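Please find below a note for a colleague who is new to this structure. The points are numbered and may be read alongside the sequence and the model.

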Amino acid sequence: MDHSEGGRSTLEFDLCIIGAGPAGITIAREFANANVRVCLLDAGGLTIEREVKDLSRAEDVGRLPGSEDRHRVRAFGGSSNHWGGHCAPLEPDDFEKLDWIHHSGWPHGFDELRPFHVRAHDVLGLGEFDYDPESVGAKLGYKTFPFDPTKIKSTVSRYNRVRFAPTYGDELNNAPNIKVILHADVSDIQLEEAASDKVAHVLVKTIAGNEFHVAAKCFVVSSGAMENARILLMSNQQRPAGLGNHSDLVGRFYQEHLWHSSGCIVPRTERPDLKFYFNEWPLGDIGVRAHIAMPANMVRELRIPKYRSEISAVSVAFRTAEAIQLGVTMSDVVALISDPVGLGTVLACRSESIPTAYLLMNHVEQIPNPDSRVTLSNQKDAFGRPQPRLNWQLSRLDHEGVVRSQRAIAQEVGRSGFGRVRIELGEDDDTFLQRAFGVGHQMGTTRMDNDPALGVTDGNAKVHHTDNLYVAGSSLFPRCGWPNPTLTIVATSIRLADHLKTQFRADGLL
Ligand SMILES: Cc1cc2nc3c(=O)[nH]c(=O)nc-3n(C[C@H](O)[C@H](O)[C@H](O)COP(=O)(O)OP(=O)(O)OC[C@H]3O[C@@H](n4cnc5c(N)ncnc54)[C@H](O)[C@@H]3O)c2cc1C
């Protein structure tokens with residue numbers, strides 16, 4: 001029953017989802033045609049509009065100011081309107097608590113998420129759940145690097161640029177139990193009363209100047225990692241620190257995947273059968289591409305965060321000219337010099353080297369850093385709400401991880417006789433920390449931990465100290481590993497939908 005209160009009408013539903021990107025749309029679809037009344041609110045319309053986009057503007061005071069703003073899309077479908085479709089599941093050790101990475105550890109393990117990763121594959125149209133580089137490479141007739149897999153492993157990613165708005169818009173529109181409301185910007189989440197843990201309704205504002213409430217039994221905030229933190233912090237009328245911010249953690253641990261090159265593999269001989277690494281190749285309706293990464297045993301031995309290297313074939317001459325122009329010092333592999341077998345290989349390679357090098361472009365996990373943070377700015381948006389204030393910070397280990405593994409890669413490339421590595425990333429300088437940029441994967445700001453002192457949300461994504469408020473998206477990730485986040489965003493959203501279904505069943509609704 002919809003009603004009006006204090007001049008604002010209230011729309012009533014069972015489930016209210018705030019934000020219609022991959023996370024919100026996935027949850028809504030899980031309830032399509034069910035006996036649950038769903039409201040899916042999105043701040044944007046069907047296209048990107050300047051006035052709406054300005055409502056996302058952040059005060060950016062951290063590293064590389066301004067670089068992160070352009071990544072967010074305030075429109076139906078969210079950032080899936082321009083994402084790259086690059087997908088891979090997290091790896092088992094991404095979920096573990098590691099003594100060299102503070103604040104690591106998910107509240108559940110890899111096996112718990114596995115069936116949801118498989119279901120997410122269907123949502124993203126990624127075909128068979130096969131991430132074995134040998135098996136996928138064999139289907140294309142491409143080989144993988146001949147390295148010892150306990151030293152350097154190959155990985156495979158699958159690509160499908162699903163645009164959630166055109167792909168799933170009609171399905172949502174046609175579901176009689178789902179109401180999608182566009183240009184509906186959530187500005188506040190209100191509890192029944194200050195002492196209550198139960199959310200009663202959200203306040204929605206529109207650029208046309210209207211305001212209304214949406215009441216529901218259950219709420220999910222799925223507005224992206226910056227906006228999820230902003231909405232919880234802005235909801236501070238009844239709890240002055242904001243919702244979920246009992247331990248001052250909302251907005252902290254802001255993470256990105258870092259993008260930076262570190263050098264080149266120079267092979268001894270031409271290897272056209274390694275094409276698998278150089279491009280995305282069609283496999284049925286999707287694309288696939290191989291990368292290299294450190295295997296779990298090396299990650300433990302080197303005590304590093306995770307990363308993958310994407311490889312492009314480049315001309316050595318061009319690379320040298322570019323490096324000289326940039327003033328980068330190119331040192332051959334220090335580690336090999338102390339290794340007589342490796343040194344022999346280096347010398348052999350030098351005399352035979354061919355004009356091709358394999359450039360290592362690294363996609364690096366940023367380790368959780370409590371000082372890397374989204375707070376509320378004093379600057380206001382057109383609705384008079386505080387803009388998010390981003391203070392994005394890296395840690396020394398973000399750089400160290402790449403440096404340590406470059407040495408390990410160089411050793412194995414030399415030992416195997418494949419070629420040599422030219423490391424272009426200085427070990428002691430700050431080039432990486434200053435220049436690595438983010439790729440639009442904002443994560444970590446409402447981290448999950450079953451202990452309310454250590455997390456904003458629990459292992460079911462429920463905001464601590466609330467009864468019926470949940471979060472979806474990569475803001476939940478305590479750690480992000482190297483895989484691009486959206487497959488895991490969709491997987492965790494399906495898991496949350498299953499949890500909500502159980503709740504609704506217990507309440508006799510489903
Ligand atoms: C250039 C680029 C390339 C990318 N490529 C890849 C890739 O190859 N692989 C990969 O895995 N990921 C990629 N990503 C990241 C991917 O797009 C995001 O991880 C994903 O879209 C996040 O989904 P989401 O639903 O959590 O949030 P979003 O997609 O950000 O959606 C959030 C939604 O919430 C709405 N919203 C925001 N605030 C409010 C509010 N107050 N009230 C109501 N609604 C609100 C927004 O309008 C938006 O529709 C890329 C991102 C960018 C920018």
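**Notes on the predicted model**

1. The charged end of Arg63 is placed over the ring of Trp392, 4.5 Å from the centre of that ring. A further arrangement of this kind involves Arg158, which lies over the face of Tyr131 at 6.0 Å from the ring centre.

2. The surroundings of the ligand deserve attention next. The ligand is surrounded by 35 residues, and the closest are Asp42, Ala75, Ser79, His86 and Thr486. By residue class, the shell around the ligand divides into 13 nonpolar, 18 polar and 4 charged residues.

3. A polar side-chain atom of Asp42 lies 2.6 Å from an oxygen atom of the ligand. For Gly78, a backbone N or O atom lies 3.3 Å from an oxygen atom of the ligand. On the side of Asp185, an N or O atom in the side chain is 3.0 Å from a nitrogen atom of the ligand. On its own, the ligand has 1000 Å² of accessible area, and the protein covers 92% of this. The elements that give two or more residues to the shell around the ligand are helix H1 (22-30), strand S9 (185-191), helix H6 (225-234) and helix H13 (486-506).

4. How much of helix H1 is covered? H1 is mostly covered, with 7 of its 9 residues buried. The buried residues in H1 are Pro22, Ala23, Gly24, Ile25, Thr26, Ile27 and Ala28.

5. Asp185 also takes part in a contact within the protein: its side chain and that of Arg385 are joined by a polar contact of 2.6 Å. The side chain of Arg385 makes a further polar contact, of 3.0 Å, with the side chain of Ser187. Arg385 itself is located in the loop between strand S19 (373-380) and strand S20 (386-391). Is Arg385 buried or exposed? Its relative accessibility is 4%, so Arg385 counts as buried.

6. The aromatic residues form another topic. The structure holds 17 aromatic pairs. Phe95 and Trp106 form one that is tilted, at 4.9 Å centre to centre and with 55 degrees between the planes. Both Phe95 and Trp106 lie in the loop between strand S6 (86-87) and H3, 11 residues apart. Phe95 is buried, with a relative accessible area of 5%, and Trp106 likewise counts as buried at 7% relative accessibility.

7. Why is the pair of Tyr358 and Phe418 called tilted? The ring planes stand at 45 degrees, with the centres 6.3 Å apart, and the tilted class is the one left between under 30 degrees for stacked and over 60 for edge-to-face. This pair links distant parts of the chain: Tyr358 is in strand S18 (residues 356-365), while Phe418 is in the loop between helix H11 (396-415) and strand S21 (419-423), 60 residues apart. Tyr358 is buried, with a relative accessible area of 2%, and Phe418 is buried at 7%. Ring pairs join these two residues to Tyr142, Phe145, Phe147, Phe276, Tyr277, Phe278 and Trp281 in a cluster.

8. Two residues other than glycine have a positive phi and may be checked by the reader. Phi of Asp248 is near 55 degrees, and phi of Phe253 is near 65 degrees. Asp248 is found in the loop between H6 and strand S13 (257-267), and Phe253 lies in the loop between H6 and S13.

9. Lastly, some residues may be located by their distance from others. Val118, in helix H3 (residues 110-123), is partly exposed, with a relative accessible area of 37%. Val118 and Thr486 are 368 residues apart in sequence and 13 Å apart in space, C-alpha to C-alpha. Pro370 is placed in the loop between S18 and S19 and is partly exposed, with a relative accessible area of 28%. Between the C-alpha atoms of Pro370 and Thr445 the separation is 9.5 Å, although the two are 75 residues apart along the chain.

Definitions and conventions
Residues are numbered from 1 along each chain as its sequence is written. This is a predicted model: local features need pLDDT of at least 70, side-chain atom pairs count only at pLDDT 80 or more; totals for chains, interfaces and linings use all residues. Side-chain values use heavy atoms; hydrogens and water are left out. Helices (H or I, at least four residues) and strands (E, at least two) are DSSP runs, numbered from the N terminus. Buried means under 20% relative accessible area, exposed over 50%, partly exposed in between (1.4 Å probe, protein chains only). Rings of Phe, Tyr and Trp (its six-membered ring) pair if their centres lie within 6.5 Å; planes under 30 degrees apart count as stacked, over 60 as edge-to-face and the rest as tilted. A charge sits over a ring if NZ of Lys or CZ of Arg is within 6 Å of the ring centre and within 35 degrees of the ring normal. A residue is near a molecule or strand if one of its heavy atoms lies within 4 Å of it. A polar contact is a pair of N or O atoms within 3.5 Å; within protein, one must be able to donate a hydrogen and the other to accept it, and residues adjacent in sequence count only if both atoms are side-chain atoms. Accessible areas come from the Shrake-Rupley method with a 1.4 Å probe; for residues, only the protein chains shown count as cover. Ala, Val, Leu, Ile, Met, Phe, Trp, Tyr, Cys and Pro count as nonpolar, Asp, Glu, Lys and Arg as charged, and the others, Gly among them, as polar.
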